[in-house]
Amino acid sequence: MNSTVETNNAVSKEYTQLSNQLDALLSGESNLYANLSNASALLNQFFDRINWVGFYLMEDGELVLGPFQGLPACVRITVGKGVCGTSVERRESIVVPDVHAFPGHIVCDAASRSEIVVPIIKDDVVLGVLDIDSPELNRFSEADRVGLELVVSTLVKHI
């Protein structure tokens, strides 16, 4: 087995464990903000080399800042704008190796260099996004995308 496959298998196992931890943490609680707050705290502990992790929630046709860990952030994002708004518009996850190369990137924290955004979709409705930023270029991989989609699918069961 080559090292890339071994690394991807290890990452997959870590995300499965994270998803199971999240499921146990949120079990029995139905409050959206409590669950998103605990999810952002858990993700903040899981990741290294990040400077922001949190959620934006759809409200009146735009994304509004929800529970997060990190510095103060942009409060409202228009659908189709920036990485978060583009993820909602496309209804797909986006991995951005260099945010300064992303057309229309919205600068909330000048230290952020890379980003990953995963839409939160339940019953075919986009509820919001999970957004994670890093001060490193190229911090997030395809394995992170797949893993975070698993985490979000677990989260959706509790919101």
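This is a predicted model: local features need pLDDT of at least 70, side-chain atom pairs count only at pLDDT 80 or more; totals for chains, interfaces and linings use all residues.
How many of the eight residues of E1 are buried? Six of them are, and E1 is mostly covered; a residue is called buried under 20% relative accessible area, exposed over 50% and partly exposed in between (1.4 Å probe, protein chains only).

Residues are numbered from 1 along each chain as its sequence is written, and side-chain values use heavy atoms, with hydrogens and water left out.

**View 1. The whole chain has four helices and six strands.** Helices (H or I, at least four residues) and strands (E, at least two) are DSSP runs, numbered from the N terminus. Followed along the sequence, they give the pattern α-α-β-β-β-α-β-β-β-α. The radius of gyration is 15 Å, close to the 15 Å that the globule rule gives for 159 residues, so the chain is as compact as a globular protein of that length. That radius is taken over C-alpha atoms, and the rule is 2.2 Å times the number of residues to the power 0.38. The C-alpha trace spans about 45 × 40 × 30 Å along its principal axes, and 45% of the 159 residues count as buried.

**View 2. Six strands make an open antiparallel sheet.** Their order is E3-E2-E1-E6-E5-E4; two strands pair if DSSP finds at least two bridges between them. Strand E3 (76-78) and strand E4 (94-96) are at the edges with a single partner strand each, so one side of each has no neighbour in the sheet. From one strand to the next, the twist averages 25 degrees; axes are lines fitted to C-alpha atoms (for helices, over the stretch in contact), and angles run from 0 to 180 degrees between N-to-C directions.

**View 3. Strand E1 pairs with both E2 and E6.** Seven bridges hold E1 and E2 in the antiparallel sense, and six join E1 to E6, again antiparallel. Tyr 56 is a handy landmark here: Leu 65 of E2 stands opposite Tyr 56, and Val 129 is the bridge partner of Tyr 56 in E6. Two residues separate the strands in the hairpin of E1 and E2, where Asp 60 takes a positive phi near 50 degrees.

**View 4. A five-residue hairpin leads from E2 to E3.** Three bridges pair these strands in the antiparallel sense, with Val 64 opposite Arg 76 in E3. Leu 71 sits in the loop between E2 and E3. Setting aside neighbours within four places in sequence, Leu 71 is in contact (heavy atoms within 4.5 Å) with Asn 51, Trp 52 and Asp 109.

View 5. Nine bridges join E5 (residues 114-122) to E6 (residues 125-134). Among the paired residues, Val 118 has Leu 130 as its bridge partner in E6. Helix H2 (residues 32-46) touches strand E1 (52-59), strand E2 (62-70) and E6, and its direction makes about 155 degrees with that of E1.

**View 6. Helix H3 packs on the sheet and is mostly covered.** H3 (residues 82-90) touches E1, E2, E3, E4, E5 and E6, with its direction at about 35 degrees to that of E5. Seven of the nine residues of H3 are buried; they are Gly 82, Val 83, Cys 84, Gly 85, Thr 86, Ser 87 and Val 88.

**View 7. Asp 144 belongs to helix H4 (residues 142-156).** Is Asp 144 buried or exposed? Its relative accessibility is 9%, so Asp 144 counts as buried. The Asp 144 side chain reaches the backbone nitrogen of Ser 141 at 2.9 Å. Not counting residues up to four places away in sequence, Asp 144 touches Tyr 15, Phe 47, Ile 116 and Arg 139.

How values were computed:
A polar contact is a pair of N or O atoms within 3.5 Å; within protein, one must be able to donate a hydrogen and the other to accept it, and residues adjacent in sequence count only if both atoms are side-chain atoms.
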